[in-house]
Amino acid sequence: MKREEISAQYKWRMEDIYASVDAWEADYLKVSECIPELKSFAGTLADSAENLCKMQEVYDNINWIVEKLHVYANQRLHENTADAFYQGLVGRVQVLEVQLMEATAYIEPEILAIPEEVLSEMLNDDCLSKYRTYFSRILRQKEHVLSAEMEEVLA
């Protein structure tokens, strides 16, 4: 049975993720344009809770969009793995993910460089309190995180 012959009720509702490829392209462009903004926070995270919070919010928003881009492209490709168009979308989103990893390689090393008592005080900020678990996880991994330069090379 060909995919076109299968009832819609048994197919993925990809339009719930993106109504069209144009909508996917718009989010792809948005992420591409936001990556330099994430890079701009490098060297400033210890300056204030506001900087750390703003970076984290931008990072979370971008990650959410990248996840949608990834799922849409991959699910579309898996509808027909021979479809060169969706192979291209998957490749493009993979490149975008690598760019995002490179642009954010500084984050964990920079957070770990903040003295724990200062970071603890920063986490009392209303904006950062929701990230308490995330920062605790980073602190637990301290001995396994490389310098920002090495993390970027690995990314």
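**A chat about a predicted helical model**

Visitor: Which residues form a nonpolar patch on the surface?
Guide: Met1, Ile6 and Tyr10 do. Together they have about 410 Å² of accessible area. Keep in mind that this is a predicted model.

Visitor: Where is Met1 in the chain?
Guide: Met1 sits in the segment before helix 1, which spans 21–39.

Visitor: Is Met1 buried or exposed?
Guide: Met1 counts as exposed, because its relative accessibility is 82%.

Visitor: New topic. How many helices and strands are there?
Guide: Eight helices and zero strands. Along the sequence the pattern reads α-α-α-α-α-α-α-α.

Visitor: And how many disulfides?
Guide: A search of the whole structure turns up one. The disulfide joins Cys53 to Cys127, with S to S at 1.4 Å.

Visitor: Which parts does the pair tie together?
Guide: Cys53 is in helix 2 (residues 49–79) and Cys127 is in helix 6 (residues 126–129), so the link ties parts 74 residues apart in sequence.

Visitor: Is Cys53 buried or exposed?
Guide: Cys53 is buried, because its relative accessibility is 3%.

Visitor: What about Cys34?
Guide: Cys34 is in no disulfide. Its nearest cysteine sulfur belongs to Cys53, 16 Å away.

Visitor: Now the whole protein. What is its radius of gyration?
Guide: 19 Å. A compact globule of 155 residues would have one near 15 Å. The C-alpha atoms fill a box of roughly 60 × 30 × 25 Å along the principal axes.

Visitor: What share of the residues is buried?
Guide: Of the 155 residues, 34% count as buried. The protein exposes about 9400 Å², and carbon and sulfur atoms supply 51% of that.

Conventions
Residues numbered from 1 in each chain as written. Predicted model: local features only at pLDDT ≥ 70, side-chain atom pairs only at ≥ 80, totals over all residues. Heavy atoms only, no water. Patch = residues over 30% accessible without salt bridge, like charges linked within 9 Å, V, L, I, M, F, W, Y side chains within 5 Å. Areas by Shrake-Rupley, 256 points an atom, 1.4 Å probe, with all protein chains shown as cover. Salt bridge = Lys/Arg side-chain N within 4 Å of Asp/Glu carboxyl O. Helix = DSSP H or I, 4+ residues; strand = E, 2+ residues; numbered from the N terminus. Buried < 20%, exposed > 50% of the residue type's maximum accessible area, 1.4 Å probe, protein only. Disulfide = S-S within 2.5 Å. Rg over C-alpha atoms; globule rule 2.2 N^0.38 Å.
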